[in-house]
Amino acid sequence: MSLNRSLLAAAIASVLLAASGPLLAQDEEVGEIRVVGRQEFLETQFNAQRTSSGADSALLISRVPGGGANHNGPLTGQIQYRGMFGPRINVRIDGMLIHGGGPNWMAPPLHHIPSALMDDLVVEQGIASISTGGGIGGAATASWKRPAFNDSDGWDWHGDSELSAGSAAGSTSGSLILGGSNANHRLYGIGNLDQGDNYESANGEVAATQYSRAIYGVGYGFQSGSHEVLFDAHRIETEDSGTPTLPMDIDWFDTDTFNFRYNGQLGGLGVEFGVYRSNIEHGMSNFLLRPTPDFSRLPLPPFLGDDKRFASAESEESGFRLVFDLEVGPGVLEIGAEGKDGEHDVSVTDPDFAPFFVENFNDVKTDSKSAFIQWSAILDDDWYVEFGGRLERVEMSAGEIDAFPARLVDMNPAMWGMGTPPRAVWMLRQGFNSRERAQNDDNNDLVAKLRYQLTSNLVVEAGYGRKTRSPLYQERYLWIPLEINAGLGDGNNYVGNPNLAPETSDQFELGFDWSNGAAWFSPRFFVRDVDDYIQGVPATHMAVVGVSRNANGDPTPLMFANTEAEFRGFDLTFGFPIDDRWRVEGMASQVNAERGDISDHLYRVNPNNIRASLLYETGNFSARIEQVVVMEQDNISRTNTYDPMNPNNSSDPTDGYNLTNVYLDWLTGQGFTFTLGAENLFDTDYVDHLTGFNRVLNSVVPQGSRMYGQGINLFGRVQYQW
């Protein structure tokens with residue numbers, strides 16, 4: 001496995017959180033963010049510090065060129081990369097694929113690992129390798145912190161602790177890792193607590209943005225010779241946490257994850273094997289942290305007065321991965337298989353009217369299995385080549401559903417004739433239950449990459465990737481128009497389409513990596529066309545429109561459909577020294593994302609942006625002054641947001657803005673690291689385009705407007721390792 005890992009680490013197009021560049025020597029590292037360089041011929045590897053004070057690990061992606069975070073709530077961020085986000089990004093935690101436990105992704109993958117307990121987050125830049133897994137929009141992998149094995153038979157005891165606090169949300173966070181290890185065994189436990197109140201913007205307190213999350217876990221590891229075994233079990237408990245761009249807030253999340261992995265060498269054959277499982281129970285409501293809305297005037301008990309709703313969701317997922325690698329010619333051949341299956345159930349009730357219920361999803365099953373092969377090699381010390389392919393089979397099905405309004409028709413058909421809301425719900429139920437709901441997709445991926453050492457300082461890379469994605473269960477099986485869409489946050493009601501075809505992405509990449517001592521410049525250019533891109537389009541079914549208008553507050557719902565999409569852009573990193581202690585580094589990103597079948601832009605795409613820093617470093621102290629410049633985003637999706645009849649969103653462009661951040665780090669030499677920082681130092685009033693639209697009444701943010709950005713945040717953090 002060692003040859004494979006060294007080639008993979010040398011070959012993958014990876015950039016890690018912070019502008020790529022040498023930040024701190026290994027013995028002076030103050031963060032947990034690892035950077036693996038793309039310039040494999042120059043064998044560069046960088047270590048970067050974690051700067052942001054936020055509890056949401058997804059916010060760290062903003063330090064990747066081309067990256068951003070869709071911020072639906074303080075613990076509900078989704079990774080965005082080059083205009084794609086959510087299920088289009090392959091996000092793994094120690095090899096586990098954990099999709100959102102609820103239908104609106106209130107707990108996206110990185111919700112399940114806090115930044116304080118994260119050892120590293122690797123984002124594969126550009127076209128993700130076949131061996132990394134699926135995902136048409138990119139790949140990211142997070143890893144938990146663990147005590148290291150030692151070199152003796154005796155046990156050493158390890159600890160890693162952290163305390164932090166921030167002013168903008170009155171936030172506090174604490175984490176602890178305790179464990180012991182010898183040359184063959186390690187045993188450890190972890191704990192983490194994140195809490196915060198509603199955050200302050202430059203315009204005042206933003207409602208429904210408080211949060212609370214606790215994480216506990218135990219782990220065991222064994223190694224002997226070339227064999228290593230890992231086992232982890234984690235419990236994540238989230239309570240009373242806001243998601244103001246979604247129609248409900250988090251009442252509770254109870255999540256259990258189990259992960260087993262083996263890595264070893266059997267003769268000349270490397271072996272990687274892993275199995276995992278997650279169990280998620282989730283409750284959400286529209287009256288816990290926000291005023292109860294009144295979105296219907298129907299003269300029926302569930303809709304009289306305030307329309308309280310409580311939703312419960314259950315999700316069970318399990319997966320495996322088996323990979324063999326061996327030397328073939330001058331390179332490494334990887335042959336592997338992986339799979340994942342899941343089951344999802346979601347229902348809605350009314351706390352004020354016990355008979356009311358809607359089964360959103362019942363006994364939904366997804367099962368994917370894939371096999372892949374990849375060969376990579378360095379040839380003549382000047383060429384790196386990589387070729388890979390993957391075949392995947394996806395099987396999906398859904399059970400029959402029901403709802404209280406439809407049962408009213410069952411009991412008295414004559415009373416609820418055509419044109420009445422219960423009859424419309426009855427028609428949707430009958431249509432869904434009578435149709436074929438099992439769907440099978442046969443997908444295939446192809447990747448080819450070439451890199452050439454053109455000069456001693458310049459590497460040129462070209463690549464092509466063909467990636468596919470099957471629809472989510474929400475996109476296929478949402479039978480009644482509701483604001484359930486894996487966290488799009490656009491304020492629209494959606495209805496599913498069982499006949500959706502998988503998306504197919506064709507991407508071309510051209511990159512240059514120039515380095516001369518401590519100076520570097522690395523631009524990347526990309527073009528991506530996506531056939532059968534899944535996007536909401538105006539719904540035309542009369543029953544869908546009637547239910548959405550009369551019962552669910554949106555007179556113009558959308559239906560998931562296959563369309564066409566195009567992505568064009570570039571991103572880059574740069575850096576250069578001023579003298580032995582001062583340095584400049586930064587990054588820039590640009591992406592244009594459009595519908596290919598009609599004249600329209602895609603929804604919620606990162607604006608053009610530049611992030612530049614001036615750094616000062618000594619042996620045990622570093623200071624960073626960072627300027628973030630975000631341009632106006634006027635490429636607005638009219639399909640998602642231009643709707644004068646819908647009060648839940650606005651089609652207004654977002655203005656550009658500038659933010660100044662300051663970070664100070666001091667290492668004492670006795671295991672302590674102190675960090676102080678000021679984010680949005682000048683309390684700038686701004687709107688992040690990647691937030692959704694506010695769904696909370698009586699907030700400082702008007703209903704239907706994009707969320708206000710966080711005001712000045714003064715924070716401090718102390719870490720102690722022993």
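D597 is partly exposed, with a relative accessible area of 37%, where partly exposed covers what lies between buried, under 20%, and exposed, over 50%, using a 1.4 Å probe and protein chains only. D597 forms a salt bridge with R595, their closest N and O atoms being 2.8 Å apart, and R595 is buried at 7%; by salt bridge I mean a side-chain nitrogen of Lys or Arg within 4 Å of a carboxyl oxygen of Asp or Glu.

This is a predicted model, in which local features need pLDDT of at least 70 and side-chain atom pairs count only at pLDDT 80 or more, while totals for chains, interfaces and linings use all residues. Residues are numbered from 1 along each chain as its sequence is written, and side-chain values use heavy atoms, leaving out hydrogens and water.

The mean pLDDT of the chain, which is the predictor's confidence in each residue from 0 to 100, is 91, yet pLDDT stays under 50 over residues 1-48. Where pLDDT is low, the predicted coordinates should not be read in detail.

Back to the charged pairs: the whole structure holds 44 salt bridges, one of them between K340 and E317, at 3.3 Å between the closest N and O atoms, and both of these residues are buried. R476 pairs with D441 in a salt bridge at 3.1 Å between the closest N and O atoms; R476 is buried, with a relative accessible area of 1%, and D441 is buried too, at 6%.

Note on methods: Contact means heavy atoms within 4.5 Å.
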